[in-house]
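Thanks for asking me to look over this model with you. My comments follow as numbered points, starting with the whole chain and then moving to single residues.

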Amino acid sequence: MALAFDEFGRPFIILREQEKKSRLRGLDAQKSNIASAKAVARILRTSLGPKGMDKMLQSPDGDVTITNDGATILEQMDVDNQIAKLMVELSRSQDYEIGDGTTGVVVMAGALLEQAEKLLERGIHPIRVAEGYEMASRIAFDHLERISTKFEFSADNIEPLVRTCMTTLSSKIVNRCKRALAEIAVKAVLAVADLERKDVNLDLIKVEGKVGGKLEDTELIYGIVVDKDMSHPQMPKRIEDAKIAILTCPFEPPKPKTKHKVDIDTVEKFQTLREQEQKYFDEMVQKCKDVGATLVICQWGFDDEANHLLMHRNLPAVRWVGGVELELIAIATGGRIVPRFQELSPEKLGKAGLVREKSFGTTKDRMLYIEKCANSRAVTIFIRGDSFNETIRCGTGNKMMIEETKRSLHDALCVARNLIRNNSIVYGGGSAEIACSIAVETAADRHPGVEQYAIRSFADALDAVPLALAENSGLSPIDTLTAVKAQQVKDNNPHCGIDCNDVGTNDMKEQNVFETLIGKQQQILLATQVVKMILKIDDVISPSEY
């Protein structure tokens, strides 16, 4: 190992234990990075589009997940390579910003890196490639703005929103019910949206699932559904005009905080203690009754004696309700969460028009519906789980179906939210990418420097999405893409895309296949940024394996 010396002639170590580390420099480092990123993109490429394949992932403890949501696949994959982790971050940021298009953004980044590899082999400097990509992404970004169309919607006319959500759901397992689920997603978002400020708080939409029933039984509830039942089987199952006390203090006598122990040596002492406890319970129940509460929802449990007393005093109660659910109940009913019995007052009670306990079929499952709330800004989407098809009637199939439906609905909710923020759309089916590819190719001639090679490569990379769509749909990819591209140029129609569902027309406007403009723009920008970051790495130092 060559030593380096400082100005006083003293040797110092630049890289500790250099012989134990593997090191890649220059072009080798870039090629290795590109190869790892391409490997991740290749995994997701087959799950793009309405005919995309699903991935089955098994966790270390044996749980199986079946999904074609890009963010979920990458999230659950055990990724060891640092560059592959960047791709995971890329899909996560697309999921966080937009919520949809997580597969497309990774496929796009993989295609850009594949094209960059060819340029690097020709001897073009990675910085010039990165700059060319940056220019091209701007051209594509502006072109998307030009080909986008705005559509008007209102609380009365939700059809345009529903159609866009249907496009998102058509690539998921749940596509046979996409119409019903899209309507549910749109109504849920509009229920919690602030249309004046163009803002939506998705935290107010709770997605709850229960195994059993059919997917068609999924419903939207203007209120909260809690996976609990009344604490005593004889309490009323239906309460109208309920006044709800939301408590985070337990229904039980206080535990002495000292280390002393109480010795009870006679029956009288035990009797006295029991009466004292009973009196304490009585006071607690009386306090709730005095402020006018007709239902108590408690974060903690209470023992059988308290339960029995509540039933006798006609005060229905629900116990062990989680903190997040308590908050949502408080938001929906306009109540306040009360930490001590002493602080209970009539104005802190929540109000709901109807609280009912619903049992499902012949199973013992029961849930609590809190509906017609004072503040209907909190809603619940309640998913019933059908198995993958009528033949698989096993619990695991059901469970997985519910989980996948939750993920699909999350994408649809995000799409509806984005459209409320910005109601511009572009057409799907790869038509937007093909239009951008043509625009970027044309613009490349205006750049005299080396960057024009990178700009042309960017145009080629944009074709990767429609190519993948055609491939996954069982069409011959290159023939289909060239035919659609020629049609776009000839008719000057940016709405021509890949006819994945074999409807018989390439015009995505006729097929009602929409995507949000901000989603597409974000895809191109994020993919370009990650590719630039990867291209700028020219030295990889990693501890070698033992």
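**Notes on the predicted model**

1. The protein chain has 17 helices and 21 strands. Please keep in mind while reading that this is a predicted model. Taken along the principal axes, the box filled by the C-alpha atoms of the protein chain comes to roughly 100 × 75 × 50 Å.

2. On burial and surface: the protein chain has 546 residues, and 51% of them count as buried. The protein chain exposes about 26800 Å², with carbon and sulfur atoms supplying 51% of that area.

3. How much of the contact list with a separation of 6 or more comes from residues 24 or more positions apart? In the protein chain, such pairs account for 73% of those contacts.

4. The domain assignment gives two entries: domain 1 covers 21-150 + 426-543, and domain 2 covers 224-375. Taken over C-alpha atoms, the centres of domain 1 and domain 2 are 54 Å apart.

5. A527 sits in helix α17, which spans residues 517-535. The C-alpha atoms of A527 and L113 are separated by 9.8 Å, while the two residues lie 414 residues apart along the chain. Leaving aside residues up to four places away in sequence, A527 touches L90, V105, M108, A109 and L112. Is A527 buried or exposed? A527 counts as buried because its relative accessible area is 0%, and the cut-off for buried is under 20%.

6. Next, a loop residue. T218 is placed in the loop between β9 (205-211) and β10 (219-221). T218 has a relative accessible area of 9%, so T218 is buried. Its neighbours, not counting residues up to four places away in sequence, are L181, I184, I381, F382, I383 and R384. With R384 there is also a polar pairing: a polar atom of the T218 side chain lies 3.4 Å from the backbone nitrogen of R384.

7. D241, in strand β12 (residues 238-247), has a phi near 45°, a positive value in a residue other than glycine. K372, in strand β17 (residues 366-373), has a positive phi of about 50° and is not a glycine either.

8. Which residues make the nonpolar surface patch of about 380 Å²? The patch is made by V262, I264, F270 and L273. Of these, L273 belongs to helix α8, residues 267-290. L273 has 40% relative accessibility, so L273 counts as partly exposed, a class that lies between the 20% and 50% cut-offs.

Key:
Residues numbered from 1 in each chain as written. Predicted model: local features only at pLDDT ≥ 70, side-chain atom pairs only at ≥ 80, totals over all residues. Heavy atoms only, no water. Helix = DSSP H or I, 4+ residues; strand = E, 2+ residues; numbered from the N terminus. Buried < 20%, exposed > 50% of the residue type's maximum accessible area, 1.4 Å probe, protein only. Polar contact = N/O pair within 3.5 Å; in protein donor to acceptor, adjacent residues only side chain to side chain. Contact = heavy atoms within 4.5 Å. Patch = residues over 30% accessible without salt bridge, like charges linked within 9 Å, V, L, I, M, F, W, Y side chains within 5 Å. Areas by Shrake-Rupley, 256 points an atom, 1.4 Å probe, with all protein chains shown as cover. Salt bridge = Lys/Arg side-chain N within 4 Å of Asp/Glu carboxyl O. Domains from an automatic or database assignment.
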